[in-house]
Amino acid sequence: MMATFASLLLAALLVAPRPAHAQTDTLSTQAQSSADDTQVAEGRAAYARGLTAADEVRWSDALREFERAYELARVPSALFNVGTTLRALGRHVEARDAILRLLRDHTLNDAMLAEAQGILREEAARVVHAELAGLADLEGLEVRVDGRRVTLGAERPFILALDPGAHVVEATAPAHATARWEGSLADGARTRLELRLMPLAIDEPVPVAPPPASSVAESPWLWVSLAAALVVGAGLGVGLWAQDDAQLDPTPGRVGLRL
Amino acid sequence: MRPSCSILAALLCSACAQNAVLDLDVELPAAGTLAGSTPIEAVTVQLDSDTADFDSDWAAGLPRQTVSLDATRTTLQLSVLAQPDHVERSLALRVYYCTSLAACEATPVEAQAELRVVMPRAFYRGVATRYRLVASSPPDGTTPGVLEVDPCDVAGCRDGEMASWCEGGVHLCDR
């Protein structure tokens, strides 16, 4: 908690328009000189409200104000405080991403850089990585974590970055039974969640065949042809099944990657 | 007669796998190993088929695996499956060395250093081959070179250890 407040204090010093820091906070200066004055003033007011909320341990309010301050003024200290507030709220994935964005998008002075890198290391170490095992690329596949839909990237296997703690993960696809995992994940865990989508049996109406004309049904050629078709179909089916079965799979016990 | 031929063809084909596997061992450095003057904490291995374009970022959808490094050297054991139309193409690899797991998981990867590898021939239809890539020392050059793997160093189609997996310049899997 003390570290959080120290961070907030540091950030407050950086955002304040003090001549002593003007050279070290060049982005802040640039933002203030190029943005609309009213917008910057609103950003500064939001930032001050964020600091007050943080002092009073109203983290949700603080987060909203720091996000607003960053949206308006684009100063790195506001984004830094977004990250530390998310950390205080236990939202480690978002905290990691905010600090990563800070490092990516801003040139920081040495003190903030060192602190941001330290927070990034801590937060990255707390994020859980959960591989979703057993999910095929089904059309209409959706994955929800704690009721929220997550966007699945193109990479396989699917890997979710989650905050540690209790979660419910559900996968759904048309014509498949919902697969569900529920449990608690420890800090920094690397784990596999089994979510196997089983196809639902579909009750299709059984077509009623019209009664065959007695003259055709009695023909021996009809039955010979049907028998031949069955033999051919069965042979092809066995052949194709065996062909599929003969394809190589990644070696068990290794991480499988498909080209 | 025709149906009999179809059945026979299907049954004969059943014995021929058309894809291929490369079991790739990647020797990784210990956590804290320096890339230049920066300690490395994570590594991403990314693969592409039939390309040697290392000058741009590879598409995020290409297969890749990210790992946090341990206190001691470890080996990442991959099994790369090539679909039938990839078997005879070259395989390109990038090993990214990052300061954090997050940096290695970013798209594109935010790497401190990179090892670039091309395997002109890594796969042979219907068989599993093996190769051990030594990536335990991050390169420190600003413009990384490309390591080309001699196809005769790719093991397969015979048990045991051999100095070369070719005979008369022809790979054992091609004989």
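1. A residue is called buried here when its relative accessible area is under 20%, exposed when that area is over 50%, and partly exposed in between, with a 1.4 Å probe and protein chains only. By this rule, buried residues make up 36% of the 259 residues in chain A.

2. The model is a predicted one, in which local features need pLDDT of at least 70 and side-chain atom pairs count only at pLDDT 80 or more, whereas totals for chains, interfaces and linings use all residues. Residues are numbered from 1 along each chain as its sequence is written, chains are lettered from A and ligands numbered from 1 in the order in which they are written, and side-chain values use heavy atoms, with hydrogens and water left out.

3. Chain A has nine helices and eight strands, where helices (H or I, at least four residues) and strands (E, at least two) are DSSP runs numbered from the N terminus. Taking contact to mean heavy atoms within 4.5 Å, 59% of the contacts in chain A between residues at least 6 apart in sequence join residues at least 24 apart.

4. In chain A, helix α5 (residues 76-88) packs with helix α7 (residues 110-126) at an angle of about 30°, and their axes are 11 Å apart; axes are lines fitted to C-alpha atoms, for helices over the stretch in contact, and angles run from 0 to 180 degrees between N-to-C directions. The two helices, α5(A) and α7(A), are therefore roughly parallel to each other, a term that covers angles under 35 degrees. Among the residues that meet are Phe80(A) and Arg87(A) of α5(A), and Ile119(A) and Glu122(A) of α7(A). By class, this contact of α5(A) with α7(A) has five nonpolar, two polar and four charged residues.

5. Chain A also holds an open sheet of three strands in the order β4-β1-β7, with mixed pairing; two strands pair if DSSP finds at least two bridges between them. Both β4 (158-162) and β7 (190-194) of chain A stand at the edges with a single partner strand each, so one side of each is left without a neighbour in the sheet. The twist averages 30° from one strand to the next. Strand β1 (residues 128-133) of chain A runs antiparallel to β4(A) and is joined to it by five bridges, and Leu132(A) stands opposite Phe158(A) in β4(A).

6. In chain B, five strands form an open sheet in the order β5-β4-β7-β8-β10, again with mixed pairing. Strands β4 (residues 42-49) and β7 (residues 91-98) of chain B pair in the antiparallel sense over eight bridges, and Gln46(B) has Arg94(B) in β7(B) as its bridge partner.

Key. Parallel < 35°, antiparallel > 145°, perpendicular 65-115°, else oblique. Nonpolar A, V, L, I, M, F, W, Y, C, P; charged D, E, K, R; others polar.
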